[in-house]
There are 2 protein chains.
Amino acid sequence: MQDQIMPGQKEPADTVRIPVEALRTLLARIFERHGTSAEAAAILARNVADAQRDGADSHGVFRMPAYVSTLASGWVDGQAVPVVTDAAPGFISVDACNGFAQPAHQAAQPLLLEKVRSQGIALLAIHDSHHFAALWPDVEPYARHGFVALTFVNSMACVVPHGGKHPLFGTNPIAFAAPRAGGEPLVFDLATSAMAHGDIQIAAREGRQLPPGQGVDSEGSPTCDPQAMLDGGALLPFGGHKGSALSMMVELLAAALTGGNFSFGFSWADHPGAQTPRTGQLLIVIDPARGAGANFAQRAEALVQAMHDAGQPRLPGDRRYRQRRESLELGVALSEADLAMLTKLAEG
Amino acid sequence: MQDQIMPGQKEPADTVRIPVEALRTLLARIFERHGTSAEAAAILARNVADAQRDGADSHGVFRMPAYVSTLASGWVDGQAVPVVTDAAPGFISVDACNGFAQPAHQAAQPLLLEKVRSQGIALLAIHDSHHFAALWPDVEPYARHGFVALTFVNSMACVVPHGGKHPLFGTNPIAFAAPRAGGEPLVFDLATSAMAHGDIQIAAREGRQLPPGQGVDSEGSPTCDPQAMLDGGALLPFGGHKGSALSMMVELLAAALTGGNFSFGFSWADHPGAQTPRTGQLLIVIDPARGAGANFAQRAEALVQAMHDAGQPRLPGDRRYRQRRESLELGVALSEADLAMLTKLAEG
């Protein structure tokens, strides 16, 4: 996921700032008002508010109308109560029961932490779930526990495999988090598509053309028009055949291994208004203290220093953390139009 | 790792073919003659012979003079006896004691298989090791056991981080294997650099120019000359900032988490003739039968069918398997010059 707000960028004139807690409360009201349980509302509201707080606009409040439309379609069960199965000493399986993935993850998290501590590595496999959010909020907390975490989510078919003609893979993101001794955790969240789907939507909304190599139109021909990619076209994987292989891996880990649907196993036509496919998520968490790398956070800090010395201008996650600090100090930035939209959704 | 031999490509006139078993025996004699234990010789010879068999030239017999030079330098201990520690129910730590990674992996493999079966997921963390080989042979066997495997190796600093000026990361490959019901396992092995180091060496040897975006010269300026990349220059990560983030992850998993050296933690100047850094390797193996994805191999087969239907011309590993079938039928292809070189190394 690419952050949108450049540090130092001038703020638009219609920007308002509200405390992150107030934003969470407002968003939770919207989720509950539109059909989720109070538990799911609190979890999803925190996720969306935190994305907005961190300048991750494509997964911030921009997503709320789509969440509401999805819930209104009846396709996702906002009241789902996830079923957690302790499948093996290192393996937890969760049936999200057609609810969102985040409440399913939360329901299993205490058991997952217990297993990581006792086993050294553990896996959480969620199926029958909808993941419509940024992925880094799923891994960052584990790094704050001192663990290393890696997660994979598949999504709706919108990416043409390398050398192919028709969309098959989802944007299939991978997120990773690791603790470091001298600063915020090292966290990245990257779509295996050339761009994240939310960023294509934002570019289309803003009427911006994209650089070459991001996607194809409905004929399968290369295009720089984000709207053409959305109107029957598709995205390309990042990095050619390598990104395509990683996207295939995400299908296998997040869908085949969890028991979730593949990204291509779904037709939107059957669910007007729905915008999230029912797929799966795999999360692997490792306790580095169990091996010979017991000083992991210090080693990670040495790597960060070496990246600085090699001239790397920015660490993964840097923009998010900078934006987060600003938001915690000044309040979370929203456009007046977005705040009006949220207020309407909370009442409507 | 990119396969070199195109199917249907005309064989050079000086090609000889020898049975894979005979090649393994010849290579084992070379390893033992140049300082490895009989156990290590058998394991490494199988690895190199199998790479040659599968058309993976950059890790085939081409590598033998470098193995010999490395052993002669005294930098790698060919007689090392790996020490396996059962660190936690899901966590094995192996001290390769400055030997090659493959014998360390083999020493821990029975315990790893036992842990995967009982825990559902297990991890092997090797440190103080030298990995100078293709990575797919490390994961393919697990897929034949019905497991899903993922491995990460860091290597010598030769890749400039995205936006940086100086080499820091290794080519840092990731390999993945998964079983499928209707054919050979799905296996990929990809350098997180734009090209594998062995492929740069082959291009330099053949005097071929490379496409743009693969590397920089000693000034940090973009170049298409593979020799300039080798002479004080460096490679670039594949896929821009995303490949760079994955390469950073490989450093954290394969070095910081295992207790191995980072790719930048080594100066060749201190070890004339040596060509492999002392680093680490992480291997994660999962039993898909423990979750809701118990029909994993059938699901993987459905994904393969969908990739065909989407027009994907070739699966990861296809070229290797095709070349393997040909080699098993006709013998492994070698140039007369390479065979003469091997014969000399076996005697010399």
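In this predicted model, an open sheet of three strands in chain B has the order β9-β8-β10, and its pairing is antiparallel. β9 (222–223) and β10 (234–235) of chain B are the edge strands, each pairing on one side only. Strand β8 (residues 215–216) of chain B is joined to β10(B) by two bridges in the antiparallel sense. Within this pairing, B:Val216 stands opposite B:Ala234 of β10(B). In general, the strands of a sheet pair through backbone hydrogen bonds, in either a parallel or an antiparallel sense.

Antiparallel pairing is also found in chain A, around strand β6 (residues 174–178). Strand β5 (residues 148–153) of chain A is joined to β6(A) by four bridges, and the two strands run antiparallel. A:Phe152 has A:Ile174 as its bridge partner in β6(A). β6(A) also pairs with strand β7 (residues 186–190) of chain A, in the antiparallel sense and over five bridges. Here the bridge partner of A:Ala175 is A:Asp189 in β7(A). β6(A) is mostly covered, with five of its five residues buried. A:Ile174, A:Phe176 and A:Ala178 point one way from the strand, while A:Ala175 and A:Ala177 point the other way, and all are buried.

Most residues other than glycine have a negative phi. A:Asn98 lies in strand β3 (residues 91–100) of chain A. Because A:Asn98 has 15 C-beta neighbours inside 10 Å, it counts as partly exposed. B:Cys97 is found in strand β3 (residues 91–100) of chain B. With 16 C-beta neighbours inside 10 Å, B:Cys97 also counts as partly exposed.

A buried loop position is provided by B:Ala134, located between β4 (121–130) and α5 (136–144) of chain B. B:Ala134 counts as buried because it has 24 C-beta neighbours inside 10 Å, the threshold being 20 or more. B:Ala134 and B:Ser218 are 84 residues apart in sequence, and their C-alpha atoms are 27 Å apart in space.

The domain assignment of chain A gives two segments to each domain: 9–72 and 317–348 for domain 1, and 84–193 and 237–316 for domain 2. The C-alpha centres of domain 1 and domain 2 of chain A lie 23 Å apart. The contact between them takes 19 residues from domain 1 and 20 residues from domain 2. On the side of domain 1 of chain A that touches domain 2, the elements giving two or more residues are α2 (38–53), α3 (64–72) and α10 (318–330) of chain A. The largest share of that side, eight residues, comes from α2(A). By class, this side of domain 1 has ten nonpolar, five polar and four charged residues.

Between the chains, 59 residues of chain A are in contact with 59 residues of chain B. Helix α8 (residues 240–256) of chain A gives the most to the side of chain A that touches chain B, contributing seven residues. The residues of that side divide into 36 nonpolar, 17 polar and six charged. In all, 100% of the interface residues of chain A are also interface residues in chain B, so the copies meet through the same surface.

Chain A can be laid on chain B with an RMSD of 0.0 Å by a turn of 180 degrees and a shift of 0.0 Å along the axis. This is the relation of a two-fold axis. The C-alpha of chain A nearest the axis is that of A:Gly239, at 2.1 Å from it.

In soluble globular proteins, nonpolar side chains tend to be buried together. The largest nonpolar core of the model has 230 residues, of which A:Leu123 and B:Leu123 touch the most other members.

How values were computed: Residues are numbered from 1 along each chain as its sequence is written. Chains are lettered from A and ligands numbered from 1 in the order in which they are written. This is a predicted model: local features need pLDDT of at least 70, side-chain atom pairs count only at pLDDT 80 or more; totals for chains, interfaces and linings use all residues. A nonpolar core is a set of buried Ala, Val, Leu, Ile, Met, Phe, Trp, Tyr and Cys residues joined through C-beta atoms within 7 Å. A residue is buried if 20 or more other C-beta atoms lie within 10 Å of its own, exposed if 12 or fewer, and partly exposed in between; C-beta atoms are placed from the backbone. Two residues are in contact if their C-beta atoms, placed from the backbone, lie within 7 Å. Ala, Val, Leu, Ile, Met, Phe, Trp, Tyr, Cys and Pro count as nonpolar, Asp, Glu, Lys and Arg as charged, and the others, Gly among them, as polar. Copies are superposed by least squares on the C-alpha atoms of residues with pLDDT of at least 70 in both. Domain bounds come from an automatic or database domain assignment. Two strands pair if DSSP finds at least two bridges between them.
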